[in-house]
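This report describes one protein chain, working from its surface and overall form down to single residues.

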Amino acid sequence: MDITEAVTGRRSVRAFTDEPVDLTAIERVLEQAQRAASGGNVQPWHVAVLTGDALQALRTKVGERLAGWLAGWTQGQTKQQSATASKMLSAIQTLVQSVLT
């Protein structure tokens, strides 16, 4: 495959399934990613692959921190600001849920 094929053949996938990704496939992708160029040759990547209890613990922690941050953020707001914040909170919760599940 040449660069033109790679660029024109790429696609975005936004319809995901609940089927877990094989860890061997993840390892292969990460091995290839190590060879990717980076600006200034700094290789700033850090990767963690979580499954099972560790993944669930992360989901819980992120949810707790987000809820705490949002509760503090909405204090002292007017009724209109609070309604707007409530809509934003709902959208953020939906986003986080979709990313973390």
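**Surface**

The accessible surface of the protein comes to about 9,000 Å², and 56% of that belongs to carbon and sulfur atoms. Accessible areas come from the Shrake-Rupley method with a 1.4 Å probe; for residues, only the protein chains shown count as cover. Of the 101 residues, 5% count as buried (under 20% relative accessible area; exposed is over 50%, partly exposed in between).

**Model and confidence**

This is a predicted model, in which local features need pLDDT of at least 70, side-chain atom pairs count only at pLDDT 80 or more, and totals for chains, interfaces and linings use all residues. Residues are numbered from 1 along each chain as its sequence is written, and side-chain values use heavy atoms, with hydrogens and water left out.

The average pLDDT (the predictor's confidence in each residue, from 0 to 100) is 81, and 95% of the residues score at least 70. Confidence is highest in helix α2 (residues 23–33), at a mean of 91, and lowest in helix α4 (residues 79–100), at 75.

**Overall form**

The protein has four helices and zero strands (DSSP runs numbered from the N terminus: helices are H or I, at least four residues; strands are E, at least two). Its C-alpha atoms fill a box of roughly 55 × 35 × 30 Å along the principal axes.

**Single residues**

Trp-45 is found in the loop between α2 and α3 (52–74) and is partly exposed, with a relative accessible area of 44%. Ser-86 is found in helix α4 and is also partly exposed, at 45% relative accessibility. Ser-86 lies 22 residues from Glu-64 in sequence and 17 Å from Glu-64 in space, C-alpha to C-alpha.

Notes: Buried < 20%, exposed > 50% of the residue type's maximum accessible area, 1.4 Å probe, protein only.
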